[in-house]
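This briefing concerns one protein chain, shown below.

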Amino acid sequence: MSKKVFFLYRNKDYIVDGMRSALGQAVENNFAFGAVLNTEMDKLDEHNQENLDWIRDMEGEIYSTVPANCEKNDLAPITIEELGQKLREMDFIIPYGSK
């Protein structure tokens, strides 16, 4: 049975690695989501942009609370309130790369 997994990314150094983990969950037939919180990330290279597209192809999404990330990397915008609602729907919430 598929589970809903949500990764929370706060540390800029772990965002891309965390997106790969979300993709791995999607490949394992789980619904995978992630959110970049309160940090501006670098522009994704072609390989990591493809990973984002794969997550979306498998009915997942990567969100960001930072508008610059949405513009620069085509992440889906989300507010803290919307994020809270989405987290209530998840089976697992993973704070990825926290310090």
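Does Thr39 count as buried or exposed? At 16% relative accessibility, Thr39 counts as buried, where buried means under 20% relative accessible area, exposed means over 50%, and partly exposed lies in between (1.4 Å probe, protein chains only). The model is predicted, so local features need pLDDT of at least 70 and side-chain atom pairs count only at pLDDT 80 or more, whereas totals for chains, interfaces and linings use all residues. Residues are numbered from 1 along each chain as its sequence is written, and side-chain values use heavy atoms, with hydrogens and water left out.

**The loop between β2 and α2**

- Thr39 lies in the loop between β2 and α2; helices (H or I, at least four residues) and strands (E, at least two) are DSSP runs, numbered from the N terminus.
- Leaving aside neighbours within four places in sequence, Thr39 is in contact (heavy atoms within 4.5 Å) with Arg10, Lys12, Ile15, Val66 and Asn69.
- Leu37 belongs to the loop that runs between β2 (31-36) and α2 (46-57), and with a relative accessibility of 13% Leu37 counts as buried.
- Apart from neighbours within four places in sequence, the contacts of Leu37 are Leu8, Tyr9, Arg10, Thr65 and Leu83.
- A separation of 14 Å lies between the C-alpha atoms of Leu37 and Ile93, which are 56 residues apart along the chain.
- Asn38 is located in the loop between β2 and α2 and is exposed, its relative accessible area being 66%.

- Thr65 is placed in the loop between β3 (61-64) and α3.
- A polar atom of the Thr65 side chain lies 3.1 Å from the backbone nitrogen of Asn38.
- Not counting residues up to four places away in sequence, Thr65 touches Val36, Leu37, Asn38, Ile78 and Ile80.

**Packing of α1 against α2**

- Two packed helices are described by the angle between their axes and the distance between the axes.
- Helix α1 (residues 15-27) packs with α2 at an angle of about 35°, and their axes are 9 Å apart; axes are lines fitted to C-alpha atoms, for helices over the stretch in contact, and angles run from 0 to 180 degrees between N-to-C directions.
- On the α1 side the contact is made by Val16, Met19, Arg20, Ala22 and Leu23, and on the α2 side by Asn48, Asn51, Leu52, Trp54 and Ile55.
- These contact residues divide into seven nonpolar, two polar and one charged; Ala, Val, Leu, Ile, Met, Phe, Trp, Tyr, Cys and Pro count as nonpolar, Asp, Glu, Lys and Arg as charged, and the others, Gly among them, as polar.

**Salt bridges**

- Side chains of opposite charge can pair when their charged atoms come close.
- The count comes to five salt bridges, a salt bridge being a side-chain nitrogen of Lys or Arg within 4 Å of a carboxyl oxygen of Asp or Glu.
- Lys12 forms a salt bridge with Asp42, with the closest N and O atoms 3.2 Å apart.
- Because Lys12 lies in the loop between β1 (4-9) and α1 and Asp42 in the loop between β2 and α2, this pair ties together parts that are 30 residues apart in sequence.
- Lys12 is partly exposed, having a relative accessible area of 40%.
- Asp17 and Arg20 form a salt bridge in which the closest N and O atoms are 3.2 Å apart; both residues lie in helix α1, three residues apart, about one turn of the helix.
- Asp17 is partly exposed at a relative accessible area of 29%, and Arg20 is partly exposed at 41%.
- Glu40 is paired with Lys72 in a salt bridge whose closest N and O atoms are 3.0 Å apart.
- This pair links distant parts of the chain, with Glu40 in the loop between β2 and α2 and Lys72 in helix α3 (residues 67-73), 32 residues apart.
- Glu40 is partly exposed, with a relative accessible area of 43%, and Lys72 is partly exposed, with 27%.

**Positive phi values**

- Most residues other than glycine have a negative phi, and most peptide bonds are trans.
- Asn38, a residue other than glycine, has a positive phi near 55°.
- Asp74, also a residue other than glycine, has a positive phi near 60°.
- Asp74 lies in the loop between α3 and β4 (76-77) and is partly exposed, with a relative accessible area of 46%.

How values were computed. Polar contact = N/O pair within 3.5 Å; in protein donor to acceptor, adjacent residues only side chain to side chain.
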